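Q: Please take a close look at one part of this structure. Go through its ends, its packing and a neighbour.

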Amino acid sequence: MNKPDFSQLKAIYINCTLKKSPEKSHTEGLMSRSKDIMLKEGVAVDELRFIDHDVAIGIYPDMTEHGWDKDEWPELKERILAADILVIGTPIWLGEKSSEAQKLIERLYSLSGQTNDKGQYLYYGKVGGCVITGNEDGAKHCSMSILYALQHIGYSIPPQADCGWLGEIGPGPSYLDEESNASENSFTNRNTTFMTYNMLHLAKMLKEANGYSAYGNSTKEWNNGERWNFENPEYR
């Protein structure tokens with residue numbers, strides 16, 4: 001089996017924990033397992049803890065234009081757009097992704113109307129995935145919500161693009177707690193590994209193909225009157 005070369009790829013991991021640095025984040029613990037694989041494969045990796053940054057709430061590219069005194073999103077989005085792969089990590093609270101994860105998705109959505117040089121939506125050709133941790137059920141629900149949002153705004157989602165770890169329901173050890181033995185959990189380790197490599201494979205394919213063909217999906221061409229093979233039944 002030939003070993004693929006992933007060294008031309010860039011990834012960014014965004015931890016949406018509710019804990020500010022340097023407080024220990026169990027979500028970061030699991031994300032680091034995926035990140036370590038990418039680093040060993042020669043991928044350039046960026047990472048940030050979303051709550052450490054003064055990001056305004058809203059759905060516009062720069063919220064200082066809409067009444068906010070400060071908004072770091074215009075700077076952070078450049079780091080995100082520079083990456084071929086985006087991995088969102090979140091804990092589970094009351095069965096849902098964190099409020100920071102929701103804010104990140106809403107700010108990503110603020111750019112969804114912008115286009116690339118092919119006239120496609122801005123995130124076309126980029127790959128997304130997610131990492132979930134918690135002590136209650138809800139990992140699949142959180143993944144479903146995050147991955148749907150990412151594909152809706154243009155990210156491509158490979159097979160098995162999520163991984164997670166759940167401790168015992170109720171108060172109990174979390175991912176990085178020694179008594180949880182989470183680092184030895186075969187199911188989580190397998191899913192984390194498969195997720196990471198599937199993101200790498202898809203990102204590599206898209207990068208080598210220069211993203212998606214603009215045939216049939218260019219907003220620019222649609223606005224210029226192109227309809228490809230779409231036919232309105234009213235005109236038949």
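A: Helices here are DSSP runs of H or I with at least four residues, numbered from the N terminus. The model is predicted.

Now the two ends. At the start of α5, N185 places a side-chain oxygen within 3.2 Å of the backbone nitrogen of F187. Just after the helix, N210 takes a positive phi of about 55°.

Next, the buried side. Buried residues of α5 include T188, N191, T192, M195, T196 and M199. L200, L202, A203, K204 and L206 are also among them. An α-helix has 3.6 residues a turn, so residues three or four places apart point the same way. The buried residues of α5 pack against helix α1 (26–40) and strands β3, β5 (127–134) and β6 (162–166).

One of these partners leads to the surface. Strand β3 spans residues 85–93 and contains W93.

Last, the neighbour. E41 sits in the loop between α1 and β2 (44–49). Its side chain makes a polar contact of 2.6 Å with the side chain of Y197. Leaving aside residues up to four places away in sequence, E41 touches Y197 and L200, along with K3, P4, F6 and S7. E41 counts as buried because its relative accessible area is 12%, and the cut-off is under 20%.

Note on methods
Residues numbered from 1 in each chain as written. Predicted model: local features only at pLDDT ≥ 70, side-chain atom pairs only at ≥ 80, totals over all residues. Heavy atoms only, no water. Helix = DSSP H or I, 4+ residues; strand = E, 2+ residues; numbered from the N terminus. Buried < 20%, exposed > 50% of the residue type's maximum accessible area, 1.4 Å probe, protein only. Contact = heavy atoms within 4.5 Å. Polar contact = N/O pair within 3.5 Å; in protein donor to acceptor, adjacent residues only side chain to side chain.
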